[in-house]
Amino acid sequence: QVQPVESGGGLVQPGGSLRLSCVVSGSMFRLYAVGWHRQAPGKQRELVGRITSDGSPNYSDSVKGRFTISRDNAKRTVYLQMSRLKPEDTAVYYCNARGERGVQGDYWGQGTQVTVSS
């Protein structure tokens, strides 16, 4: 059973930093691309960035240069390091694991709240 579980959300001041973690259960973690998405109140869910199974990250323009995605296959964990946070980064952040290289499956976590406010 593949299940992503997010953690690390909270309240942070503008300009601050926060690191989110996504632990993905299951033995085939290294064959999954993992994406971070977010949904602010009244808005559609949007892609923040994704890291492929071979470790290549990509980012949306709104977070490029401020957010960094990395993965630790031994810990079955993907990290989202967020820096220079802005109030508009406030949202529920979701982790998504999608199989690659012939592995099927698309799994979502329950989300973690990030609030950027003074």
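Partly exposed describes a residue whose relative accessible area lies between the limits for buried, under 20%, and exposed, over 50%. The legends below accompany close-up views of a predicted model.

Figure 1. K86 is partly exposed, because its relative accessible area is 34%. Leaving aside neighbours within four places in sequence, K86 is in contact with R66 and V116. The C-alpha atoms of K86 and G16 are 8.3 Å apart in space, although the two residues are 70 residues apart in sequence.

**Figure 2. R84 and R101, two residues with positive phi.** Most residues other than glycine have a negative phi. R84, which is not a glycine, has a phi near 50°. This residue, R84, is found in the loop between β8 and β9, and its relative accessible area of 51% makes it exposed. R101 likewise has a positive phi, of about 50°, without being a glycine. The position of R101 is in the loop between β9 and β10 (106-108). R101 counts as exposed, at 58% relative accessibility.

**Figure 3. The largest nonpolar core of the model.** This core has 28 residues. Those with the most contacts inside it are L20, V34, W36, F67, L80, M82 and Y93. At least two core residues come from each of the strands β3 (18-24), β4 (32-39), β5 (46-51), β7 (67-72), β8 (77-82), β9 (91-99) and β11 (112-116). In soluble globular proteins, nonpolar side chains tend to be buried together.

**Figure 4. Contacts of the core residue V34.** Not counting residues up to four places away in sequence, V34 touches C22, F29, G49, R50, I51, R71, V78, C95, N96 and A97. Within the strand pairing, V34 stands opposite I51 in β5. Both cysteines among these contacts, C22 and C95, are buried.

**Figure 5. The disulfide between C22 and C95.** The model has 1 disulfide. Which residues form it? C22 and C95 do, with their sulfur atoms 1.9 Å apart. The link of C22 and C95 is left-handed, with -75° about the S-S bond. C22 lies in strand β3 and C95 in strand β9, so the pair ties together parts that are 73 residues apart in sequence.

**Figure 6. An open sheet of 4 strands.** The strands of this sheet follow the order β1-β3-β8-β7, with antiparallel pairing. β1 (4-7) and β7 are the edge strands, each pairing on one side only. On average, neighbouring strands of the sheet are turned by 20° against each other, direction ignored. Inside the sheet, β3 and β8 pair in the antiparallel sense over 6 bridges. L18 has M82 in β8 as its bridge partner, and M82 is also one of the residues with the most contacts inside the largest nonpolar core.

**Figure 7. Strand β4 and its partners β9 and β5.** Is β4 mostly covered or mostly open? It is mostly covered, with 7 of its 8 residues buried. β4 and β9 run antiparallel and are joined by 8 bridges. In this pairing, Q39 stands opposite V92 in β9. β4 also pairs with β5 in the antiparallel sense, over 5 bridges. The two strands β4 and β5 form a hairpin with 6 residues between them. In the turn of this hairpin, G42 has a positive phi of about 75°.

**Figure 8. The aromatic pair of Y32 and Y107.** The model has 1 aromatic pair. The rings of Y32 and Y107 lie 6.3 Å apart, centre to centre, with 55° between their planes, and the pair is tilted. Y32 belongs to strand β4 and Y107 to strand β10, and the pair links these distant parts of the chain, 75 residues apart. Y107, by contrast, is partly exposed, with a relative accessible area of 27%.

Conventions. Residues are numbered from 1 along each chain as its sequence is written. This is a predicted model: local features need pLDDT of at least 70, side-chain atom pairs count only at pLDDT 80 or more; totals for chains, interfaces and linings use all residues. Side-chain values use heavy atoms; hydrogens and water are left out. A nonpolar core is a set of buried Ala, Val, Leu, Ile, Met, Phe, Trp, Tyr and Cys residues joined through side-chain atoms within 4.5 Å. Buried means under 20% relative accessible area, exposed over 50%, partly exposed in between (1.4 Å probe, protein chains only). Contact means heavy atoms within 4.5 Å. A disulfide is a pair of cysteine sulfur atoms within 2.5 Å. Two strands pair if DSSP finds at least two bridges between them. Axes are lines fitted to C-alpha atoms, for helices over the stretch in contact, and angles run from 0 to 180 degrees between N-to-C directions. Rings of Phe, Tyr and Trp (its six-membered ring) pair if their centres lie within 6.5 Å; planes under 30 degrees apart count as stacked, over 60 as edge-to-face and the rest as tilted.
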